[in-house]
Amino acid sequence: MEHSHLENEKSVLKDPVCGMNVSENSAKGSSELDGKKYFFCSLKCKSKFDNNPAQYLNPKPQKIASKEIEYTCPMHAQIRQMGPGSCPICGMALEPLHATLNAEEDNTEYHSMLKRFWISAGLSIPLLVITMGGFHFPWAEVLLSTPVVLWSATPFFVRFWQSLVNRSLNMFTLIGLGVGVAYIYSLIAVLFPDLFPSSFHDPMTGSVGLYFEASAVIVTLVLLGQVLELKARGQTSSAIKSLLGLSPKTARRINSDGTEHDVDLGEIIIGDKLRVRPGEKIPTDGIVLSGQSSVDESMVTGESFPVEKIEGSKVVGATINGTGALVIKAEKVGSDTLLSQIVQMVSEAQRSRAPIQKLVDQVASYFVPAVILSAVLTFIIWSVFGVEAKLAHATVNAVAVLIIACPCALGLATPMSIMVATGRAAGMGILFRNAESIELLRKIDTLLVDKTGTLTLGKPKFSFVKTANAFIENDVLALAGSIEQASEHPLAAAIVSGAKEKNLKLTSVENFKSITGKGATGQVSGKSVSVGNRTFMDDLGIDITAMQNEADQLRGEGQTVMFVSIDKKFAGIIAVVDPIKDTTISAIKSLQDLGIKVIMVTGDNQKTAEAVGNKVGVDQIMADVLPQKKAEILKELQKQGRFVAMAGDGINDAPALAQAQVGIAMGTGTDVAMNTAGVTLVKGDLTGIVKARSLSEEAIRNIRQNLFFAFVYNALGIPIAAGVLYPTFGILLSPMVAAAAMSLSSVSVIANALRLRNTELRIKL
């Protein structure tokens, strides 16, 4: 329990200075501040409090050490531990279960892997020069490879051991096996060359083939993959931190005696009265008690137009107040606020994803036991039925089986294709945040799209002016633009921009008055001019029936209509529209041709949504949808077996972007949307989805080809390495040949992946 703020609380309290439990009877002193009473365990604590109460009532947030945060595995939710580490089942790096804004960034593992990578790369390069150049410096190879294997690869051997202990074979099983066998075999060859039969000695040098460079290069490549993965993981958490950072840190509380002071947001309780001044963020979810203002709720609804708030209106924490002052009553605080719920939904949806590496791990779970079994059988058969030097032949042939099965090509199969595909995508203005988005995008059969900023530009724009009662269009627009110069409303800005585009002269305004939720009025060049909605015109006694039907028709087309009066006479209407992007209609048609159902989900009203949705040709329209509802709609579609992608641009879209199998953000939107989504379209153009989907298909086809190349040499080479051809042809596969086959498979994988740079995409726009 925190120290008491509640007037009627008589039970156990906490000293606000030292945190010790006290009660009113046991307290050695008390102080009253802003109508609240605080009790102290000693006069010393009371003195400290009286000298500087703000230090204890508004403390700065303390950094939370990473070891105090609970971590979990993104693939195995049952794995929980305090502090970072790796999953004992799959070996993946753990991530925080719940993100907090004041938690210390723990980059220990990232920096450790980065350091190991650079040292490993620095030692592997000269090692490759020695071996590729045909030089024979065995002890130099030992000195260069040993730090790489025994230090740089230590985390992989730990995960390798965990995979055996937990009976969960994965990529790290292959890595540990391949690196360990190649290194140990080569070290034995240097220390005890006489153990090997003459057929395995080079006729020129008399030495046994060494494979130190194979072990070192495998470690270096895997370290590079880990560095990239950990860096991407940090970018994922930044989406949550961006959301958390939206909330204000303090609120202005109105006390029971009428005094006001700023308090830490964590001190706000349900029922507190809070003052929200012009331009401030609303501190928490609540209801307006007094005042009028327009509030920017784009983070919730995604709509660019501010929402008018009067007494009794609901407000949402972290939304931005306009030019009016409000007094609100807190109704939801802490984790119950809408923003906190959005954060939680994003966090949970991100953790529910499975990485593309799962495919390789599944293959490895069958491949590794098969290879080990083959090596054991090879050793047994040669030990029992082999020719002279049975034990030496048995050992060497078993090693040849393991070396040819080394996972170097398997480790390259996926990342090489992903690397090339992401590079090509970037050149087309498509940014893939992770490998899984490339894998999954090709499977989508349903696409949810937001309206504002996704189908439309997201910026109100002047459409046209139409006059009544013999008024001239340019005169009406110039007078309306002059009035709206003094307003900060987005609709006003659109009218001003429209007047300036027509090179109309805007003059100064006298007696300007803004009526919240209705419009604005003032004197321009001696004329009384008013601009606003129908309610405003009714209040002024202006008859607008002559153009009421036309105004309703325009609203049905998705336009916003404002009425203008000049000197108490109805002068006409001005229409403002959020234009549909030029490529939207053709992009939706292309997606539908691919068999994708396009559903528009928006927080806008039904009439406007239908106007836009019908024009662009979407399959289904859902209007008046709030953020949590978007995620619920998406989950329901997923329960029906649909494979769903979500395209959006605002903070309000973040939960759905994270919940979707693939989240697609417009590059013209918010950072939170882009950090949450797996794909970002830099130009905010929906045709990018068509291109990205085609590239996804080509990339996965390429990965499957790579996996074929990674295994075909093993499938052919393992039986030969085991000695299946020896009885008939007298052929044994030397470990040197096994290494050559292993290298050839790696070269094949790289060459095939590079083809993605020039592969023609199968798209129709």
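Me: Why does K518 count as partly exposed?
Reply: Buried means under 20% relative accessible area, exposed over 50%, and partly exposed lies in between (1.4 Å probe, protein chains only). K518 has 31% relative accessibility, so K518 counts as partly exposed.

Me: What should I know about the model before going on?
Reply: This is a predicted model: local features need pLDDT of at least 70, side-chain atom pairs count only at pLDDT 80 or more, and totals for chains, interfaces and linings use all residues. Residues are numbered from 1 along each chain as its sequence is written, and side-chain values use heavy atoms, leaving out hydrogens and water.

Me: Which residue does K518 meet in a salt bridge?
Reply: A salt bridge is a side-chain nitrogen of Lys or Arg within 4 Å of a carboxyl oxygen of Asp or Glu. Here K518 pairs with D539, at 2.7 Å from N to O. K518 sits in the loop between β20 (510-515) and β21 (519-524), and D539 in helix α17 (residues 534-540), so the pair ties together parts 21 residues apart in sequence. D539 has a relative accessible area of 49%, so D539 is partly exposed.

Me: How are helices and strands picked out, and how many are in the chain?
Reply: They are DSSP runs, numbered from the N terminus: helices are H or I with at least four residues, strands are E with at least two. This chain has 26 helices and 29 strands.

Me: How many salt bridges does the structure hold?
Reply: The count is 14. One of them joins R642 and D445, at 3.7 Å from N to O. This pair links distant parts of the chain, 197 residues apart. R642 is in the loop between α21 (627-639) and β27 (644-648), and D445 in the loop between α13 (435-441) and β18 (446-449). R642 is partly exposed because its relative accessibility is 28%. D445 is partly exposed too, at 23%.

Me: Which residues are linked in a network of salt bridges?
Reply: R252, E260, D262, R275, R277 and E280. Take D262 and R277: their closest N and O atoms are 3.9 Å apart. D262 is in strand β9 (residues 260-264), R277 in the loop between β10 (273-276) and β11 (285-291), 15 residues apart. D262 is partly exposed at 37% relative accessibility. R277 is partly exposed at 32%.

Me: How is the packing of two helices described?
Reply: By the angle between their axes and the distance between the axes. Axes are lines fitted to C-alpha atoms, for helices over the stretch in contact; angles run from 0 to 180 degrees between N-to-C directions. Helix α4 (residues 138-152) and helix α5 (residues 154-165) pack at about 50 degrees, with axes 5 Å apart. That makes α4 oblique to α5. Angles under 35 degrees count as roughly parallel, over 145 as roughly antiparallel, 65 to 115 as roughly perpendicular, and the rest as oblique.

Me: Which residues of α4 and α5 meet?
Reply: V149, L150, W151 and S152 in α4 meet T154, P155 and F157 in α5.

Me: What about the chain as a whole?
Reply: The chain has 765 residues, and 51% are buried. Contact means heavy atoms within 4.5 Å. Of the contacts with a separation of 6 or more, 64% are between residues 24 or more positions apart.
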